[in-house]
Amino acid sequence: MTDHAAPYTATAPPAPDPAGPTLSEAVGEWLGAVGSWLWEHRPTTSQGWTTLLIVSAVAVGTLAGVGGRSRKDKGKKSRSGFNGFADDVGEGLAVVLGRGGRAVGRFLAGRPLWGEEKSDATFWRAGTRTDRPETAVPLAQLGAIAAPAPTQSAGPSPFALWLGTHTARLFGRLDAYQGRGQRVLEWLGVAVVTAATWLGRLWRMFRAIGRSLAAMGPVLRAVGRLLGSYPRWARAGVLTARVAVVALVSGWLLVPEARGWIVLAFVVSPLLVVAAAVTGPGGLGWWRGYEPTFADIHAANVWQALRPALRLDEDAVMQAWLELPHDETADGAAITLRLPATVLMGSDRDRQALHDLLHACLPGQWVAHWQTRGRERFVRWTVDASGPGADAEFGPGLWLPVRRLLAVPEWEPRRDWLTISESLEAGVGEIRVRIPSGWLAEPEALSAVVRTRMPGDWAMTTQVDLSDITAVFTRKPPPLRPEPLPEYVRWEPTGDPLRVYIGETHDGPAYLLTGSATPHVGVAGETGTGKSTTAAGTLVEARMAGWLVTMIDPKQNSQPAAQGKSGVRYATAVDECVEAMAEFFTSMMAAEKYNSRAMQGKTHATPPIPRLLMIDELPSFREFIAAWWKYIKQQRGFPPVLVWLALILMQGRSSNHRVFLGTHQFAMDLFGSTMARDQVGTKMVVGETSDPSWAVAFGQTTPRVHYDDSIPGRGVISTKRRKAKKLNADGTPQRVEEIQFAHIDEARMEAYLTDAPKAPAWFDRGEMAPWITDADLAKADAAAAVLAFLPGGEFAPDLTSDTDVDATRQVPPVPGQRQGQSVSLTKDNEHQDQAQGAAGAPLDLGELAAQLAQEEPAELRYTLTQACTLGIIASKAGAARQKKSDWLAKGKPFPAGEVIKGVSYYTVDELHSVYGVPENWNADMAEVD
């Protein structure tokens, strides 16, 4: 039997299940693949197995520790033995898998892999930082390039200009050269120009490269800001960045063939970031990113502030209680807050506290609207339509001290008691304060609070409406700042000696009106400040009108341009000065009698001529007289010079005998009495002055006028009975004003005096006024003891010639007898000889200096009132006089002092011996130069 083989038949593979593998089959297949991979990579050596066992033990121990802490945190009890260990390992494995799954979920959601959220960004929208205060800078602007501001070329430097100029000159000379070596010079010039050209090109190239590198700085900073804003990115952007990084790293490690593309991606990615920064809103503005809204910026801060006030739990959801608008400027924009049922908020105090809390978190002004919807209570805040104004700016700061002063409860609404107008302009600004009934404080206290807290000056008035009293404050207009005075004013004559131009004030030109009831003038100032210059205009004006000027100048350096001129009589020696004062006083009394008889129609042939007495340094004059009287004449007391001065000041106006005084200050003891000092109707101060000197000149209550005393000729002027055009802060008339005194140089002064009318011959010869009769002499001597100081008198100057006279200085003769009449001032010739002998030899300065070295000079003396004013005594005048009475009542010796006209004067040492030295005593405060 023959066996035949069956033909080959191919068997087709089983058809795939159209339904696909089930889940269990897929899991089993994946597990099998994992198991196969693990079996293929199992350890094959003892060292490998040992390492595997160690790693497994560490992993199991770690899982047990993690699981044990988790079970403990959950409050689960642990079993003992192997069962407890197994429970911990299982719990730890669950925790690790859960955390891993959560990390994967956070990775895919674009959220932080660990920790809390750092911004309120969503998947498609960028947000703002919530872990720290957020600035309202849009996210798109964080990538903006801060391009440097364009700089304007300052042009070539001075060195470049100098080099170019001299180089051009050099090449010009080389080009014009015609001589030996000309061709060599031409080749040398071409070489220099070529080298300079190439050096310039290289310099420009390197400078362009440097500028390009410098331009990368803003780009790199922009990239840094963009990467630094990573926590604010939208979650989609975060996920994209993460996936890109993982893909690039995985591809580099697992797919070597794709490394070229990966390198290209690493190169292109920074370029894309730079392009995004350049084309963003901060650059070219080709695209706009998301900008945080009003709610994004402020919601977290407002919720953190309001949640504790509403007594809500920390896990309370903000969206369930608080809603903020995205655009606070939109119509109908409002902040809505739902109030918990446990919070009453029914009192004005609680509502105001909640309102203030909201304003502390948000900019602008908001108006609260309390609403009730069924059983729910809400409060809605809308933007104040009036906008920010003065009430919003100053109201809270002013309300605190006003509320405390008025004793208003804290919960009272501010606007029920205090309102401020939105504008604080002068004439429009208004502050209204409602005064509670029974308030007993002084209104000035409320006015002081407003003045210290509010800008500007405010005036208070009171309005009464039934039982309500309201204090209304209106803002005064600011004082007008006057135009600055010129720093130099040229003196010009007026042609009227009773109206002398003295300088410029803020009100215009100022004049010395010497025809007033108090025509005399005084100027005070330190040495060198310009007292003599200020007096020069008055001297010139008097001489141009034909007046006769007597100058008492013990310093011998005043008005040099007037020395030797007709009509100006100089007295420099002390005895000459005293004689000139006696003659001027006698002339005044004689002129007064002449004017009185003229009114009755009885006159004689020589009418009086107006005269002007100028004392350049009254304090020096007084001290010279004191030394001369005490040490030269060996006399006690003081000569009657101050009596003559006082009578001249009080009676000189009616007899046309006027006085111009120069002094360091207007101290009372310089004049002899307060009444005499008050006859100086115009007081001027030039240069710097101290507070005591100001008080002595113008009074302690007169506000100081501040001026720049560094400007030559700058000072103040005060005229009696002058109609004040301005008021001080307290409403009193302002009679002291700043002035720039007029200046006349010596050349002009000399020219004016040369052209002035020539004085009578008797005056230039130094004789007494011809209108002085024997009866006038007797009357003057009986009134003020002048005969002993007139020519031929006991204390008159010695008439012997002085061999040490400056030949270049033309000094008029010493006043002597009247013109055309021999006057005997003594009873007989023998007495006259005795008087002449008593005058002694000419003054020996060496002998005087020796005497002054042996004895202390006389000190200035002060009354108790003056001592208290100048700070010599640290008390008021009334207290000082009371202490003197108590001192004498106890039998203690009180200093005798010096009594003048019933008034006691004391030295500083005498006063300090009784009243003590003040704590802050400074001898300069009472010094009178």
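Modeller: Let us begin with an open sheet of ten strands, which has mixed pairing and the order β10-β9-β18-β17-β16-β11-β15-β14-β12-β13. Strands (E, at least two residues) and helices (H or I, at least four residues) are DSSP runs, numbered from the N terminus. The model is predicted, so local features need pLDDT of at least 70 and side-chain atom pairs count only at pLDDT 80 or more, while totals for chains, interfaces and linings use all residues. Residues are numbered from 1 along each chain as its sequence is written, and side-chain values use heavy atoms, with hydrogens and water left out.

Colleague: Why do β10 and β13 stand at the edges of this sheet?

Modeller: β10 (508–513) and β13 (568–571) each have a single partner strand, so one side of each is left without a neighbour in the sheet. From one strand to the next, the twist averages 30 degrees.

Colleague: What makes β9 and β10 a pair?

Modeller: Two strands pair if DSSP finds at least two bridges between them. Strand β9 (residues 499–505) and β10 have six bridges, in the antiparallel sense, and therefore they meet the definition. R499 has L513 in β10 as its bridge partner. The two strands form a hairpin with two residues between them.

Colleague: How do you know that β12 and β13 pair?

Modeller: Strand β12 (residues 548–552) is joined to β13 over four bridges in the parallel sense. T550 stands opposite R569 in β13.

Colleague: What is the order of the sheet of four strands?

Modeller: That open sheet runs β1-β2-β4-β3, with antiparallel pairing. Its edges are β1 (322–323) and β3 (366–373), each with a single partner strand, so one side of each lacks a neighbour in the sheet. Strand β2 (residues 334–339) and strand β4 (residues 376–383) pair over six bridges, and T336 has R380 in β4 as its bridge partner.

Colleague: Why is α2 called roughly perpendicular to α3?

Modeller: The axes of helix α2 (residues 46–74) and helix α3 (residues 81–109) come within 6 Å and cross at roughly 90 degrees. That makes α2 roughly perpendicular to α3, a term for angles of 65 to 115 degrees. The contact (heavy atoms within 4.5 Å) includes V60 and L63 of α2 and F85 and D87 of α3.

Colleague: What makes R569 and K683 charges that sit over rings?

Modeller: The definition asks for NZ of Lys or CZ of Arg within 6 Å of the ring centre and within 35 degrees of the ring normal. R569 lies over the face of F763, at 4.2 Å from the ring centre. The charged end of K683 is 5.9 Å from the centre of the ring of F666 and sits over that ring. Both distances therefore meet the limit of 6 Å.

Terms used. Axes fitted to C-alpha atoms, helices over the stretch in contact; angles between N-to-C directions. Parallel < 35°, antiparallel > 145°, perpendicular 65-115°, else oblique.
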